[in-house]
Amino acid sequence: MASPLPHPHADTPIRLLTRGDLVPCANLCEDRGWPRDEPRWALLLSAGTGYGIDDPEGKGLMASCVMTSYGQGLAAIGMLLVAERYARQGIARRLMHQVIETAGETSLSLYATPAGRPLYEELGFEAVGRAERISGRFRPTGASGGGAPAASGMTVRPATAEDLRAMLRLDAEVFGADRTHLLARLPAFADHLRVAEDEGGLVGYAALWPSDGVHVVGPLIARDTVTAMALIGSLAQATDRPLRADIDARHEALLDRLKECGLQPAGSGTTVMAYRSPDLPGDWTRRFAPLTVATG
């Protein structure tokens, strides 16, 4: 029996990406029809570890991937992209093998598109959840309150530097891991940052950051749906752009409320997948949306 043909570019080296790769990374996104989002790449490459394969023809990057580690045996994988001219040549699989090997015994998570899910399943990832992407012009209703206090004794206001410590404590409890190295960069990355508090302290926070003509809501951490809606309503008042968010599909009440306010499903959503651990840490009931799907 003849030996299988080797994959083309099997010997092209995988290297670490740096901030000097922001433009090639953005070009790779554009090649695949994604927003360029250079500021998001800057965030990812400063808080995580980027892996890339250079185009042997000197046309920027052939492929990319980013792993964001959170300690405590957890890391998120995102931005797995292969240039269209090199698609379906085993490059994504090779890059994922490298990342999985580098991760060692660390549990991994990612948000898979329908196109990417078969590869991740073959590599041993299991579906553990789903996120629904919604987008549109936010039109406050009587129920949403348009950003007004959503419950007696609770207020929503712009975050200050003095709020960061409390935000980090709340986030670690809800996310299940320490994201200080990521969230400390959030005030510079986001256009707007809100916190919700009552007499007992902080009960939620949310950020709004720009992407391709819209403003993305994320992360969104809140004690309940009412608090989440109050945070989104407050952020919506701060922008004239459409909103976008990737909401955990288990939060059906929030999705229903947002649809009443004009946001609609955008695309087929993503599947949350995990490797080595069937359960993600933290409290999903208070985790409504990720900062970005690339960071888990």
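Where in the chain is the place of Thr239? Thr239 sits in the loop between helix H8 and strand E11 (243-248), where helices (H or I, at least four residues) and strands (E, at least two) are DSSP runs numbered from the N terminus. The model is a predicted one, in which local features need pLDDT of at least 70 and side-chain atom pairs count only at pLDDT 80 or more, while totals for chains, interfaces and linings use all residues. Residues are numbered from 1 along each chain as its sequence is written, and side-chain values use heavy atoms, with hydrogens and water left out.

Thr239 has a relative accessible area of 15% and is therefore buried, given that buried means under 20% relative accessible area, exposed over 50%, and partly exposed in between, with a 1.4 Å probe and protein chains only. Its side chain reaches the backbone nitrogen of Arg241 at 2.9 Å; this is a polar contact, that is, a pair of N or O atoms within 3.5 Å, of which, within protein, one must be able to donate a hydrogen and the other to accept it, and residues adjacent in sequence count only if both atoms are side-chain atoms. When residues up to four places away in sequence are not counted, Thr239 touches Leu208 and His215, contact meaning heavy atoms within 4.5 Å.

Another threonine, Thr102, is found in helix H3 and counts as partly exposed, at 40% relative accessibility. A polar atom of the Thr102 side chain lies 2.8 Å from the backbone oxygen of Gln98. Residues up to four places away in sequence aside, Thr102 touches Tyr51 and Met67, and Met67 is 35 residues from Thr102 in sequence, with 9.9 Å between their C-alpha atoms.

In soluble globular proteins, nonpolar side chains tend to be buried together. The largest nonpolar core here has 42 residues, and those with the most contacts inside it are Trp41, Met96, Leu108 and Phe125; such a core is a set of buried Ala, Val, Leu, Ile, Met, Phe, Trp, Tyr and Cys residues joined through side-chain atoms within 4.5 Å. Helix H3 (residues 91-103) gives the most to this core, with seven residues. Leaving aside neighbours within four places in sequence, Met96 is in contact with Cys65, Ile77, Leu80, Leu110, Tyr120, Leu123 and Phe125. A second, separate core of 28 residues includes Ala222, Leu254, Leu255 and Ala289.

Why is helix H2 (residues 38-47) described as largely enclosed by the rest of the structure? Seven of its ten residues are buried, so the helix is largely enclosed, and these buried residues are Arg40, Trp41, Ala42, Leu43, Leu44, Leu45 and Ala47. Phe189, in helix H7 (residues 186-189), is buried as well, at 11% relative accessibility. Apart from residues up to four places away in sequence, Phe189 touches Pro39, Arg40, Leu43, Trp209, Pro210 and Leu291.

Helices H8 (residues 225-237) and H9 (residues 252-260) pack at an angle of about 35°, with their axes 9 Å apart; the axes are lines fitted to C-alpha atoms, for helices over the stretch in contact, and angles run from 0 to 180 degrees between N-to-C directions. Thr225, Ala228, Met229 and Ile232 in H8 meet Ala253, Leu254, Arg257 and Leu258 in H9. These contact residues divide into six nonpolar, one polar and one charged, where Ala, Val, Leu, Ile, Met, Phe, Trp, Tyr, Cys and Pro count as nonpolar, Asp, Glu, Lys and Arg as charged, and the others, Gly among them, as polar.

Glu132, in strand E6 (residues 126-136), is buried at 13% relative accessibility. A polar contact of 3.1 Å joins the side chains of Glu132 and Lys259. Leaving aside neighbours within four places in sequence, Glu132 is in contact with several residues, among them Ala245, Leu255 and Pro265.

Some backbone details complete the picture. Arg88, in the loop between strand E4 (74-82) and H3, has a positive phi of about 60° although it is not a glycine, and it is exposed, with a relative accessible area of 74%. Asp212, in the loop between strand E9 (201-211) and E10, has a positive phi near 50° and counts as exposed at 62% relative accessibility. Finally, the peptide bond from Gly218 to Pro219 is cis, with omega near 0°, and Pro219 lies in strand E10 (residues 214-222).
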